[in-house]
Amino acid sequence: ISSYLFVVRLVALVGIISRALTQSVNERLKNENELVAQSISYASAMERNLYQANLLIQALKDYNDEEGATSTVLNKKGKGQLIEEINDQFDELSATHVKLEQLVLQSENSNAADKAFLDDLGEKFSFYEGVSDNVVGSIERGDRASAEVVYYSNLVPYFEDNIRDSIARLKEFIVSNQEDAIVQLEEGSTRVDM
């Protein structure tokens, strides 16, 4: 009877340990999924900020000073308001980038390459904001010709060649990190089952 009780207790202990390990794996999976969902939300917000800033810069560049002239809804806002909204978009972009970086780096699967990728992304956003500031500054000085040159020769190509690609890579990066986490957790779950 004593060996029977020992086996029963051993099986019960193994069951308790197995359940605890399974719960731990499930909790980690849930946390990683929450991190990914929040990361994707931040990436989408950053994408919206970039496109909105681009739209506002174009509206500012095409702004018609003539009272009563045919204009867009954005043109009716006034130059000052457009400039303020452009700056707000870049401020939000920067703040969201910081939040995303903190979130991604708190993941158990983050590494130096993740940090380097996010730093590179931040540098691209900063460069884009700097070129945008050049366009806005030229418009504020009344130098429309210079604004047009910078807009079409620097801002638009940089947006098309770097910013769009960076946003697509960011989303791939987030999904790839999630897939890596899921593989690791599935391996952990398999070990628990064994």
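Modeller: F173 is buried, with a relative accessible area of 11%. Keep in mind that this is a predicted model.

Colleague: What makes F173 buried?

Modeller: The cut-off for buried is under 20%. F173 has 11%, so F173 counts as buried.

Colleague: How many aromatic pairs are there?

Modeller: The count comes to six aromatic pairs. One of them is F117 with F173, at 4.6 Å centre to centre and 25° between the planes.

Colleague: Why is the pair of F117 and F173 called stacked?

Modeller: Centres must lie within 6.5 Å, and planes under 30 degrees apart count as stacked. This pair has 4.6 Å and 25°, so the pair is stacked. It links distant parts of the chain: F117 lies in helix α3 and F173 in helix α4, 56 residues apart.

Colleague: Why is the pair of Y128 and F159 called tilted?

Modeller: The ring centres are 5.5 Å apart, and the planes stand at 45°. Stacked needs under 30 degrees and edge-to-face over 60, so 45° makes the pair tilted. Y128 is in helix α3 and F159 in helix α4, 31 residues apart.

Colleague: Are Y128 and F159 buried or exposed?

Modeller: Y128 has 0% relative accessibility, and F159 has 1%. Buried means under 20%, so Y128 and F159 are both buried. Y128 and F159 also belong to one aromatic cluster with Y51 and F90.

Colleague: What sits over the ring of Y151?

Modeller: The charged end of K61 does, 4.8 Å from the ring centre. The distance limit is within 6 Å, so 4.8 Å meets that part of the rule.

Notes
Residues are numbered from 1 along each chain as its sequence is written. This is a predicted model: local features need pLDDT of at least 70, side-chain atom pairs count only at pLDDT 80 or more; totals for chains, interfaces and linings use all residues. Side-chain values use heavy atoms; hydrogens and water are left out. Helices (H or I, at least four residues) and strands (E, at least two) are DSSP runs, numbered from the N terminus. Buried means under 20% relative accessible area, exposed over 50%, partly exposed in between (1.4 Å probe, protein chains only). A charge sits over a ring if NZ of Lys or CZ of Arg is within 6 Å of the ring centre and within 35 degrees of the ring normal.
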